Amino acid sequence: MDIHFITNCEIEPEVDCLIIPAWENEVHVAINSSLIAVEDQTSLNLINDRGNMSGKDLFYLPTPMSAYRGILILGLGKKEGDLSHKFRNATGKAVGLLQKYKKHHLLLELEHTPDLQTRHFVAALNLAQYEHTAFKTKASETVKVDNLCVHICPSKEITIEQGKANRAQTFTECANFARDLGNAPGNALTPKILADKARELAKVTESEIEVLGEKEMKKLGMGALLSVSAGSSEEAQLITLKHTHPSANKTVAIVGKGVTFDSGGISLKPGKGMQEMKYDMCGAAAVLGAFKAICECNAAINVICVVPSSENLVNGEATKPGDIVTAYNGKTVEIYNTDAEGRLLLCDAMAYTAETHKPDIMVDVATLTGACIVALGHEMSAIITEDEDLKSELIEAGSQVHERLWPLPINDDYKALLKGNDADLCNIGPAYAGTVTAACFLSNFTGDTRWAHLDIAGTAWGMKGCSYINENLASGFGTRLLAKWLMNISE
Ligand code: BES
Ligand code: ZN
Ligand code: ZN
């Protein structure tokens with residue numbers, strides 16, 4: 001989508017819809033003070049006669065005689081609470097109307113709503129227009145917006161606005177890249193195919209990449225990770241991408257769970273809904289998406305993006321409950337439940353990353369526990385960390401992009417629940433506090449690196465509360481949050 005700004009009132013001939021955002025009871029003000037619409041008294045009268053001038057909701061009026069052919073009043077509702085979220089949500093809803101009327105060249109009137117930013121519009125538009133069509137034989141007939149012209153106040157700096165808009169565009173395209181990975185079925189995205197996708201990403205972003213196969217991982221002693229792939233004929237992969245910047249003063253590792261299908265293994269999951277476990281690599285998708293965004297913005301920070309990837313299946317070589325394995329850092333783990341596999345992948349990946357790359361900070365992202373859905377539903381993800389500064393930075397970045405995080409606790413009482421009978425650790429806790437005990441398990445593998453864990457089990461797909469994210473598809477949760485946070489701490 002091409003985005004450009006104007007400060008005059010000349011309407012380009014291709015424009016096919018004028019969009020006027022307005023808060024509740026402020027539609028008249030918005031329209032009357034819109035330099036463009038005010039000249040079109042006929043349309044204004046029509047809106048008055050036929051329309052809903054409350055600003056509570058959307059209202060579309062065809063104006064075939066006008067230069068812009070149609071007006072969409074983007075009713076934002078009451079001007080209170082999270083205004084950015086309301087703006088994105090209204091935009092998300094508008095996409096349905098724009099598609100119905102086949103609009104593709106928009107003129108967005110922002111001159112008189114300075115607190116509302118183009119980037120929210122761009123983000124919601126790009127996310128709402130996302131479709132997953134890779135496996136459909138019939139081409140999509142949806143008309144998408146290819147051109148956005150934004151009318152802003154002459155006092156505003158066009159270059160600054162353009163920069164913000166471009167960044168929103170990059171972030172959301174990268175989120176959609178993550179969504180493509182998330183939505184791919186298990187047979188189209190095995191660990192090796194995921195590694196190939198990462199190689200392509202390394203190529204386009206000109207970053208370094210390392211991919212370890214099972215032989216190398218065995219040599220390195222990654223017994224926990226390998227215990228997950230033991231039951232599958234697809235080879236596990238440990239993918240590491242590296243973005244460096246000459247003026248970076250920090251190195252951050254982002255680690256994402258890449259289980260391309262989770263059947264549970266010998267601790268087999270129930271059949272109902274098991275197809276959803278193709279999404280069990282959404283943590284990997286999130287970190288790859290964020291890595292792409294950071295490279296495209298050439299952020300002044302070093303970023304190590306790590307994806308341990310495996311299937312979790314069952315064959316004669318599959319790991320059995322009770323088996324004891326030795327992780328990369330030498331700790332022994334008794335596997336009580338083969339369905340708690342994410343932590344087994346992450347623990348080796350994290351210990352290896354901490355030792356090899358010595359990052360200042362490490363954040364892992366994973367669809368780790370069903371318990372997280374019980375705790376927080378599909379609206380927010382969990383953050384668990386003992387680092388208060390890191391916690392507030394991540395929560396703040398999340399609220400900026402509306403990928404919200406809610407803290408759960410971690411301390412020695414919970415950590416004690418992961419002690420093994422016959423080994424140092426066991427891989428599951430008791431029947432309660434499942435999200436917390438999963439994080440406690442991981443805390444044994446971070447060395448002394450500052451670390452935060454994000455559990456996105458409830459939000460990676462089926463996410464609720466955002467009109468611009470299709471609930472039936474992967475959400476891309478984590479990409480924009482991590483990209484925003486990395487940009488924030490690099491600036
Ligand atoms: N991938 C699942 C977690 C999950 C479940 C994510 C449902 C999203 C929706 C994970 O590997 C898993 O199976 N965890 C177990 C852990 C348990 C055995 C301690 C779980 O949550 O049931
Ligand atoms: Zn599992
Ligand atoms: Zn899993």
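V150 sits in strand β6, residues 147–151; strands here are DSSP runs of E at least two residues long, helices are runs of H or I of at least four, and both are numbered from the N terminus. The model is a predicted one, so to speak of a local feature takes a pLDDT of at least 70 and side-chain atom pairs count only at pLDDT 80 or more, while totals for chains, interfaces and linings use all residues. Residues are numbered from 1 along each chain as its sequence is written, chains are lettered from A and ligands numbered from 1 in the order in which they are written, and side-chain values use heavy atoms, with hydrogens and water left out.

Back to V150: its relative accessible area is 0%, so V150 is buried. The word buried stands for under 20% relative accessible area, exposed for over 50%, and partly exposed for anything in between, using a 1.4 Å probe and protein chains only. L107 is 43 residues away from V150 along the chain, yet their C-alpha atoms are separated by 5.7 Å. Setting aside neighbours within four places in sequence, V150 has I3, H4, F5, I6, L108, L110 and T118 in contact, where contact means heavy atoms within 4.5 Å.

Helix α5 covers residues 158–183, and T170 is part of it. With 15% relative accessibility, T170 goes down as buried. Again leaving out residues up to four places away in sequence, T170 touches A293, E296 and C297.

In one of them, E161 pairs with K156 at 3.9 Å, N to O. K164 also bridges to E161, with 3.7 Å between the closest N and O atoms. K164 and E161 are three residues apart in helix α5, so about one helical turn separates them. In general, an α-helix has 3.6 residues a turn, so residues three or four places apart point the same way. As for cover, E161 is buried at 7% relative accessibility, whereas K156 is partly exposed at 28%, and K164 is partly exposed at 28% as well.

Another salt bridge joins R480 to E403, at 3.7 Å from N to O. R480 belongs to helix α15 (479–490) and E403 to the loop between α12 (388–401) and β16 (405–407), so this pair ties together parts that are 77 residues apart in sequence. Both R480 and E403 are buried. Through shared partners, salt bridges also link K156, E161 and K164 into one network.

S207 is in the loop that runs between α6 (191–205) and β7 (208–212). Its relative accessible area of 15% makes S207 buried. K242 comes 35 residues away from S207 in sequence, but the two are 5.7 Å apart in space, C-alpha to C-alpha. K242 is also one of the contacts of S207, along with A202, F291 and C295, once neighbours within four places in sequence are put aside. The side chains of S207 and T205 are joined by a polar contact of 2.4 Å. Such a contact is a pair of N or O atoms within 3.5 Å; within protein, one must be able to donate a hydrogen and the other to accept it, and residues adjacent in sequence count only if both atoms are side-chain atoms.

Now for the ligand. There are 17 residues around ligand 1, and K269, D280, D339, E341 and G370 come nearest; a residue counts as near if one of its heavy atoms lies within 4 Å. Oxygen atoms of ligand 1 come 2.8 Å from a side-chain N or O atom of K269 and 2.8 Å from one of E341. For D262, the distance from a side-chain N or O atom to an oxygen atom of ligand 1 is 2.9 Å. On its own, ligand 1 has 520 Å² of accessible area, and the protein covers 78% of it. Accessible areas come from the Shrake-Rupley method with a 1.4 Å probe, and for residues, only the protein chains shown count as cover.

I266 is partly exposed at 40% relative accessibility, and its place is the loop between β10 (258–262) and α9 (282–296). Helix α14 (residues 434–442), by contrast, is mostly covered, with nine of its nine residues buried.

Terms used
A salt bridge is a side-chain nitrogen of Lys or Arg within 4 Å of a carboxyl oxygen of Asp or Glu.
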